[in-house]
Each structure stands twice: as structure tokens, then as C-alpha cells.
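Good morning, colleagues. Please turn to the structure on the screen, which I shall describe part by part.

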Amino acid sequence: MMDSLSDALKDALKKLAGKAVVDRAAVDELVKNLQRALLSADVNVKLVMELSKAIRTRSLDEDVPKNTNVREHVLRIVYQELVRLVYATADVKLEPQVILMAGLQGSGKTTTTAKIARYFQKKGMKVGVICADTFRPGAYDQLATLCTKINVPCFGDPKATDALKIVKEGLVAIKDREVIIVDTQGRHALEPDLIQEIIDLNAITKATHRWLVIDAALGQQASEQARRFHEAIGIDGVIITKMDGTAKGGGALSAVAETKSGIVFIGAGETIENLERFDANGFISRLLGMGDLQALYEKVQEAQVSSEVDMEAMMKGHFTLRDMYKQLEALNKMGPLKQIMNMLPMGNMQLPEGVYDVTSTKMVRYRILMDSMTPQELDDPGIISSSRMQRIARGAGGTPEEVRELLKYYKMMHKTLKGLRGAGGGKFNMQRLMKRFSGMQ
Amino acid sequence: MFSGLRERLQAARDRLGASIGAAAEASRPVAPAEPASPGKTGDAPQAAGPAKNPTLADKVKILIIDRELVVSEKDVSEALEELEMTLLESDVALPVADALIADIRAGLVGKHRKIGESVDALVVRALKSALLKVLGSGFDLPAYIKSHERPVKILFTGVNGTGKTTTVAKIGAYLKAQGFSVVIGAGDTYRAGAIEQIGVHAERLGIKVIEHKAGADPSAVLFDTVQYAQAHKTDVVLADTAGRFHTKANLMSQLDKIRRVMKPDLIVYVDEAVAGNDAVVRAAEFDRTVGADAIVLTKADMDSRGGAAISIAHTIGKPLLFLGTGQAYEDIIPFEPGAIVDELLGGAA
């Protein structure tokens, strides 16, 4: 589904290429496809309509700048309008603060609370956590277990029923902590008692930040819920969770627009380390199911195309283990491999299914194994003999079989990329790839 | 519940009715001016336009002989576009909304309407049949249990945070109230606090829980649960599992192992009513990898739109079993498509 949407989007962009003046019909078609892509990414319907109206008006009214063609002109406007939505800053300062977590049931507040505690802890802050979820059975056990793992004190009482009392006591008990995170019970906007409770919690904690946790899969409800939470306690940051699934997180975009705040963190994984600061470009790429829009945008700005993965070298056949390492590293940030491969500007190339079958745990293992390699081995995997394999395996605490498997995977990737190069007719460089992707010829 | 969707659907119904009505109006005034045909026989040309299906001659013939009007594509296209937006705003996923609209269009365009018959009835019929087609026939769990060999084993699956554990507790309470004996398997051995959570629920409800330590193999826990049920002649086994994303191949194969080991009679896929377009993607993936026999939709109380019900049901074509509508144990209602559709369309027709 998403594939066909992004194809339609690319087609629409293609139609704008080579036009001397901005063609109303072509812009309309682009806007229509953009609307469909955004709607299926769960962005709020009204927001989509406003956005597309702004893009249409600007594309038609603004003069095309010198040295850019119509397509680039429109693309820049699309990019700017999208970025405007998510670029509101939500700073995370390393100073004493109280953070109140808010959100719907099952959005991942408790897991995120522990992840944030870990984040501040790693930055060298003294962190404490209060469990104010007195409703859901096992909530305290869950938070306490997670906190024990990272040695963060967790205040709470599984038998208590009064969240306000617990929080009051907790604030006293862990007042020596620099960062205090208050995890709360899941609630939604139509439960007046619970909304009152969080207003009271906000008052007694005098929270520095009130962060709203949003499930990436949340649909059109996101706007309404965010608005009500914002009215109640003044949300100043949004956290998107469960970005390791296939959901696009468009609901979070609506929430940000509604609360006029920014996206603070993204949660993508079940372990306590899986929390990242928000990256607008990756997010938008995912939203539209399109390649790196920023790279294209920057080209328009005549800036250097920067890419984490050295595409040019890869295309020339110099795909080393180093490149693969970078790929794996980038992977966590962007979502499942299949999606990323779709994002990479490779046109409609089909990768063998085996490439996708590498699970996230394996990815981590592969990286550890590569950490155990010498620079020479990374640059030229051909030299890895069986004695080298032994050494690598020992260094990484694994087995030579694992190293063999990694090399097999590498070879598969290598072969695939070489095949791609063949299809392009030899001289396949980044520029041409980009062109092919966006249809500039 | 679903009141948002109801209001929207009713507005859409009015619009559709109005545009069909307007088209009919347009064709009528001509009638008196037509000297050759005495009485009220109308002349269609004015309204016919570029409708594709029935030819002009057909239309006139039908109008004169059968005294009926034909609904043309043009009459309804604008209103249907608005209806599509309505569906999207109600969280019906894009591909599903497209399919529904096509269905409703097919149900309306080319339909003959008696001049006396109300436009409203026609529109309601099309909407109703489209919705019913999607929502299926519902699922009577007590009847299913009665007609199958005990213990009936029910496995709950779904992504993280949709409310599987709470749903297991609620269904346990529901079945107990219906007079069945129930045992719960604490198959979520991964999430911290999950075993405690289901344990507290079960204690409150007076239901036996079979549990292992955190981190244990869920297949083993659930196997033991089934063994317990067989030994104690328990009617129903409710198997909770850890939430997992359909993109994690290892976790999905773990679920597959659970299925092989405990051989469930029913696999119930749990998702939340507030989920957007992703509901379709993951429901399809779960259905493909481990299968799904029925659906439970949770958190329907925070959602006044209910689009996810339509999306998921349309995607995997399985009946909805229950709706979760709140935090208390009794906040669960068996899903009856007929009643829901009637409610959505304001009980008309």
C-alpha cells in the first residue's frame, strides 16, 4: 500500500520536471497524492488539508528562484512546510527538573519513563522515579523491575490507591535527586476524574515538563486527545513510542500541532536503551514513504549531499564491512530494514527476501562482531581466514560460525548492490541515482 | 460509543439523499412542459448528463414505463467524496475507505428508484449493506464454547499496549458470569510486571492462574495451563501472551511455536479502537503469520469514531468478538454488527 502511495508521489513529482512554468494541474495532482500519503500515515485530516492548501498556494504564487527548476521549487516548498510542522524545539536540558508523564492507556508511558531515566543517567544526572499509577495491577512491579536494572531509585507502593499521596511522599523521599520522573496511570480525555487527577498531580509536582506519550499507531484521535491534555496541564513535549513497528507516527504530528510543542524522544524497541532524540528528516521520510527528502532539498540549496552511507562508493562496488556497519547503525534510527531499503533511492529494485530476514538481535550481534575486527579486515573482508575468524569470534564472545554467517550476509548484500550497478550500465553514481529516483531527466 | 462516526454517517446520508433528491428535482420540472406526454411523465435529458451505465434511452424508458428514477454517478460523486473524507476522519484506513466507497457507489449508481420511494431509504440501504458486508456476522463465544470439546483454548495475540492482559481478565470475568470455569495462562513472561498484573486480576476475579517465572518460555507456561485445564475439566483456557510487533521475526516465530504447542481452538487478535492506518498493516501480518479467528477491539470508550473496527474487519475478514469499553471488568460488550450498524445509521431502515 505504502509503496504504491510513494510511487504515486514520485510520479507526480516527475510530471513537474522539465516544465518551464508551474503547471496548476501537475501541482494539484502532487498535492492530491501528498494528501493520500499523509492520510494513510494517520496525520490529522484537517492538518493535511491546511498543509496541502499552503503548498498549493505557495507553489503557484511564489516565483521560481534562479537556477532551480519547477520540480525543485515545489519540492522545496513541500519540504519546508512539512519541516515547519515538526521543527518546533523541545529541548532536553541537563538540569534539575521534574517530568510528568501523561498519555493514553497502553501508549508505553512506563517503559518510556524507565528509558528516559536511563537517558538522563547516562548523561551523568542523578535520577529518581515515582510510580503514580495506582490503578493498573503490576504497574509498580513493572517500573520497579526496570529501575532496578539501571540502579535508579523507584518510589511507589503497589497497595496504595491515592496517587496524589504517593507523589507527595515520593517528592520528599527522593528530593535529593536532580531529575525526578513521575509515571502516571493511563487515561483518556473522556474520563473527567482522571483528567482532574493529572491536573492535581501537575500542581503538586510543579512539573518542569509535562510530556505526552503517543503511540505511533494512534490515528485521528491524536489531535483531540492531545488538545484535551494540553488544555488540562499544558503539554510541552511529545514522545512517540513503538516506532519499531510499521506505524508512521502521523498521529504524533497532529499532537505536536495541537500542543504547539515539539517531539522530544522517539521510542523504538523494547529494551531500556531504545530511546533516541527526534530526527525530523528521518521522520518525514518515513511519513511519506519516500527517500531522504533532505538530501534532495539540500541539493536544491547547492549544498553538499551528505549521507551517512557512502552511496557513491557502494555503487562503484566498494561496499566494505564498514559500509555495512554504518548501515546497521543507521538502521535502528529508521525502522525495519525493509522500510529503509524502500527509502533508499534505488528505484524499484527488488532485493532478495533473505536480506530482510536478519532480525534486530542479529543486527546487534553483527555489530559486535565487526567491532572485533581490525581496520584491514573491515576494508577488505577477503583476508579473513579461519584463524582470523577464531580471533574475531573470541574477541566478540561468539563462535566462528557467527562470523561465517556475518560474512555470508555481507556477501549477499555485496552481490545485490553489484547487480544493481550492472543494471545501471556501469557508471552508476549518486547523481544519476538521484535523478532516476526523482525523475529529473 | 462510536457516536462520532454515527453523526458523521448521518450527515453523509443526508448529503447523499439531498444530491439524489436534487437530481430528481432537476428532472421533474420538465415534465409539465412536455406536451406529448400527459400527466406526470418526466423527461430525463436535462438530468441525464454523461452517466455511463444506463443509456439515455433506458432512463427515459424506465422513467416513463416504470415511473422510476435512475441514480447516476454524477448525482452521488460529490457526496461520496465527502463521505470518504468522513470515513478517513473516523480512522478508517485509506485502502479500506476506498473499498467501502466503491461498494456504496456500486450499490447506488444505476439503482432504480420508484418516484414515490424516499431517497433516504435508498441511501440507508446502500450504506447499511456496505457496512454489514464489512463487519460480518459477529461471534457468539458462549455458544461456541458450548458446542466444542472442552477445554476450549483461546490464544490472545497483538502488538504492545493494546490491552491484551486487561482483555483476558475481562473475558475471564464475562465467561465466569456465564457459568463457565476458566483458567488463565500467564504467557507474557517478557514485560516487567505482566505476571503480577494478570495475577492480581485473577485473584480479584477468583480465577486460577498458571504462571512461571519472568523470562520463562511462554509455550511451556501455556502448555502447563492446558494440562491443568484437562486435569481439572476446566471449560476454557485463556492464554495471555506478550505484545509483539509483526516486524520482529523472532517474536513472531515464538508465537508460532506457542500455537503449535498449545493448539488453540481460537486465536483472538487484540487491537485498539484508536489505532489508525497501521491497524490494517499489522492485522494483515498477524493473520498471515499465526492466523486470527476473531478480533477484540479495546479502548472503544476513548474513541467515538470506530474506524479501526471497520478497517480490521475488512482487512482480515474475521468477526469481531468483543469491544472493550472501559477500565472495569464488566466494561466489555459482545459485538453485534446488526445492532451497531443500526445505531450508526440512527436506527433507520
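How many helices and strands are there in chain A? There are 20 helices and eight strands in that chain. Please keep in mind throughout that this is a predicted model. Chain A has 441 residues, of which 46% count as buried. If we take the contacts in chain A with a separation of 6 or more, 74% of them join residues 24 or more positions apart.

Chain B has 15 helices and ten strands. Its length is 349 residues, and 53% of these count as buried. Among contacts in chain B with a separation of 6 or more, residues 24 or more positions apart account for 75%.

I begin with a pair of helices in chain A. Helix α2(A) covers residues 24-40 and helix α3(A) covers residues 45-61; they pack at an angle of about 155°, and their axes are 10 Å apart. The two helices are therefore roughly antiparallel to each other. The crossing of α2(A) past α3(A) is right-handed. On the α2(A) side, the residues that meet α3(A) include Val27(A), Val31(A), Leu34(A) and Leu38(A). Their counterparts in α3(A) include Val48(A), Ser52(A), Ile55(A) and Ser59(A). By class, the residues of this contact between α2(A) and α3(A) are nine nonpolar, three polar and two charged.

Let us move to the place where the chains come together. Here, 40 residues of chain A are in contact with 42 residues of chain B. On the side of chain A that touches chain B, at least two residues each are supplied by α2, α6 (139-149), α10 (250-259) and α16 (360-371) of chain A. Which of these helices gives the most to that side of chain A? It is α6(A), with five residues. The side of chain A that touches chain B divides into 13 nonpolar, 19 polar and eight charged residues.

Eight of its eleven residues are buried, so α6(A) is largely enclosed by the rest of the structure. Among the buried residues of α6(A) are Tyr140(A), Asp141(A), Leu143(A) and Cys147(A). What covers the buried residues of α6(A) includes elements of chain A, namely α5 (109-122), β2 (127-131), β3 (154-155) and β4 (179-183), together with α10 (194-205) of chain B.

After α6(A) comes Asn151(A), in the loop between α6 and β3 of chain A. Phi of Asn151(A) is near 60°, a positive value in a residue other than glycine. Is Asn151(A) buried or exposed? Asn151(A) is exposed, with 9 other C-beta atoms within 10 Å. Another such case is Lys260(A), a residue other than glycine with a positive phi, near 50°. Lys260(A) is found in the loop between α10 and β7 (263-267) of chain A, and with 10 C-beta neighbours inside 10 Å it counts as exposed.

I turn now to chain B, which is divided into domain 1 (3-135) and domain 2 (141-344). Between these domains, 19 residues of domain 1 are in contact with 20 residues of domain 2. Helices α1 (3-27), α6 (94-108) and α7 (119-135) of chain B each supply at least two residues of the side of domain 1 that touches domain 2. That side of domain 1 comprises 13 nonpolar, three polar and three charged residues.

Chain B also has a cis peptide bond, from Arg150(B) to Pro151(B), with omega near -10°. Pro151(B) is in the loop between α8 (141-146) and β3 (152-157) of chain B.

My last stop is Ala279(B), in helix α13 (residues 278-289) of chain B. What does Ala279(B) touch, leaving aside residues up to four places away in sequence? Its contacts are Ala217(A), Ala93(B), Asp271(B), Ala308(B), Ser311(B) and Ile312(B). Ala279(B) is buried, with 31 other C-beta atoms within 10 Å.

Helix α13(B) packs against helix α14(B), residues 307-316, at an angle of about 35°, with their axes 9 Å apart. The crossing of α13(B) past α14(B) is right-handed. Ala279(B), Val280(B) and Ala283(B) are among the residues of α13(B) that make the contact, and Ala308(B), Ser311(B) and Ile312(B) are among those of α14(B). In total, the contact of α13(B) with α14(B) has seven nonpolar, two polar and one charged residues. Thank you for your attention.

Terms used:
Residues numbered from 1 in each chain as written. Chains lettered and ligands numbered in written order. Predicted model: local features only at pLDDT ≥ 70, side-chain atom pairs only at ≥ 80, totals over all residues. Axes fitted to C-alpha atoms, helices over the stretch in contact; angles between N-to-C directions. Helix = DSSP H or I, 4+ residues; strand = E, 2+ residues; numbered from the N terminus. Parallel < 35°, antiparallel > 145°, perpendicular 65-115°, else oblique. Left-handed = near helix turned anticlockwise from the far one by under 90°. Contact = placed C-beta atoms within 7 Å. Nonpolar A, V, L, I, M, F, W, Y, C, P; charged D, E, K, R; others polar. Domains from an automatic or database assignment. Buried ≥ 20, exposed ≤ 12 C-beta atoms within 10 Å, placed from the backbone.
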